[in-house]
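Biologist: I have a structure open and would like to go through it with you. Can we start with the terms and then take it place by place?

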Amino acid sequence: PDQTYKFDFINSGREEEHSVKTVAGYRFGAHTISSKIAFNTSFPYTDITGDDGDPFRMGRYAPVYNDNPNTNWYDPVFSLDLRYSFVKTFKWGEVSFYIEAINVLGSIYKRRDTIKWRFDKPYAANENPVLKASDQVLPMIPNFGVEVRF
């Protein structure tokens, strides 16, 4: 078995080094406007440093990876949630109506989080491979609801 990393610490493929979240709101009477801003460093990846030279002359180049796994990071993640709520108080409890927009930056902010390697092309710095934005982007999600508290 390969013992290359037996005694070395390496970054997990699902590790985020930093995560910062800020929540702020303003209440005026029964109305509240609030927001949540989040910043996360993204997941690490192992960069491609070359190709195998197409040893079988079939026009297919396999990537050669860096000896130090998970040492580069994809673009950071930003998210913004906005919410408006109205609370009506009764003797028996309260009813809260709210409307919110989750992930407001989702469709606007395209971050590079995927490595695209073309097997039919040899390695070329900044051409093959390239970092690209994923096709699977979580769009802004509108949401509304009613909460009843007794």
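Modeller: A term first: a residue counts as exposed if its relative accessible area is over 50%, as buried if the area is under 20%, and as partly exposed in between. Keep in mind that this is a predicted model.

Biologist: Fine. Is Asn126 buried or exposed, then?

Modeller: Asn126 has a relative accessible area of 74%, and because the cut-off for exposed is over 50%, Asn126 counts as exposed.

Biologist: Where is Asn126 in the chain?

Modeller: Asn126 sits in the loop between β9 and β10. Its phi is positive, about 65 degrees, although Asn126 is not a glycine.

Biologist: Which peptide bond here is cis?

Modeller: The one from Asn128 to Pro129 is cis, with omega near 10 degrees. Pro129 is in the loop between β9 and β10.

Biologist: What about Asn70, what is its phi?

Modeller: Asn70 has a positive phi of about 55 degrees, and Asn70 is not a glycine either. Asn70 belongs to the loop between β5 (63–65) and β6 (72–73).

Biologist: Buried or exposed, that Asn70?

Modeller: Buried: the relative accessible area of Asn70 is 15%, and the limit for buried is under 20%.

Biologist: Which side chain has a polar atom 2.9 Å from the backbone nitrogen of Asn70?

Modeller: That is the side chain of Thr46. Thr46 lies in the loop between β3 (44–45) and β4 (48–51). Thr46 is buried as well, with a relative accessible area of 17%.

Biologist: What else does Thr46 touch?

Modeller: Leaving out neighbours within four places in sequence, Thr46 is in contact with Tyr65, Asn66, Asn68, Pro69, Asn70 and Ile115.

Biologist: Take Tyr65 from that list. Where is Tyr65, and what does Tyr65 touch?

Modeller: Tyr65 is in strand β5. Not counting residues up to four places away in sequence, Tyr65 touches Thr46, Asp47, Ile48 and Thr49. Tyr65 and Thr49 are 16 residues apart in sequence, and their C-alpha atoms are 5.6 Å apart in space. At 46% relative accessibility, Tyr65 is partly exposed.

Biologist: New topic: pockets. What is the volume of the largest pocket?

Modeller: The largest pocket has a volume of about 360 Å³. Its lining has 20 residues, and those nearest the centre are Val77, Phe78, Asn103, Arg111 and Leu138.

Biologist: Which element gives the most to that lining?

Modeller: β7 does, with 4 residues. Both β2 (31–40) and β7 (77–90) supply at least two residues each. By type, the lining of the largest pocket divides into 8 nonpolar, 6 polar and 6 charged residues.

Biologist: And the second largest pocket, what is its volume?

Modeller: About 220 Å³ for the second largest pocket. Its lining includes Tyr45, Asp47, Ile48, Asn126 and Pro129. β9 (112–116) and β10 (130–133) are the elements that give two or more residues to this lining. The residues there divide into 8 nonpolar, 1 polar and 2 charged.

Biologist: Last topic, the rings. How many aromatic pairs are there?

Modeller: A search of the whole structure finds 6. One of them is Phe39 with Phe78, a tilted pair with 5.2 Å centre to centre and 50 degrees between the planes. This pair links distant parts of the chain, with Phe39 in strand β2 and Phe78 in strand β7, 39 residues apart.

Biologist: How accessible are Phe39 and Phe78?

Modeller: Phe39 is partly exposed at 27%, and Phe78 is partly exposed at 37%.

Biologist: Which rings form a cluster?

Modeller: Phe90, Trp92 and Phe150 are linked into a cluster by ring pairs.

Definitions and conventions:
Residues numbered from 1 in each chain as written. Predicted model: local features only at pLDDT ≥ 70, side-chain atom pairs only at ≥ 80, totals over all residues. Heavy atoms only, no water. Buried < 20%, exposed > 50% of the residue type's maximum accessible area, 1.4 Å probe, protein only. Polar contact = N/O pair within 3.5 Å; in protein donor to acceptor, adjacent residues only side chain to side chain. Contact = heavy atoms within 4.5 Å. 1 Å grid on protein atoms, 1.4 Å probe; cavity = no way out; pocket = protein on both sides within 12 Å on 5 of 7 lines; lining within 4 Å. Points joined across faces, edges and corners; volume = space filled by probe spheres on them. Nonpolar A, V, L, I, M, F, W, Y, C, P; charged D, E, K, R; others polar. Phe/Tyr/Trp six-rings, centres within 6.5 Å; stacked < 30°, edge-to-face > 60°.
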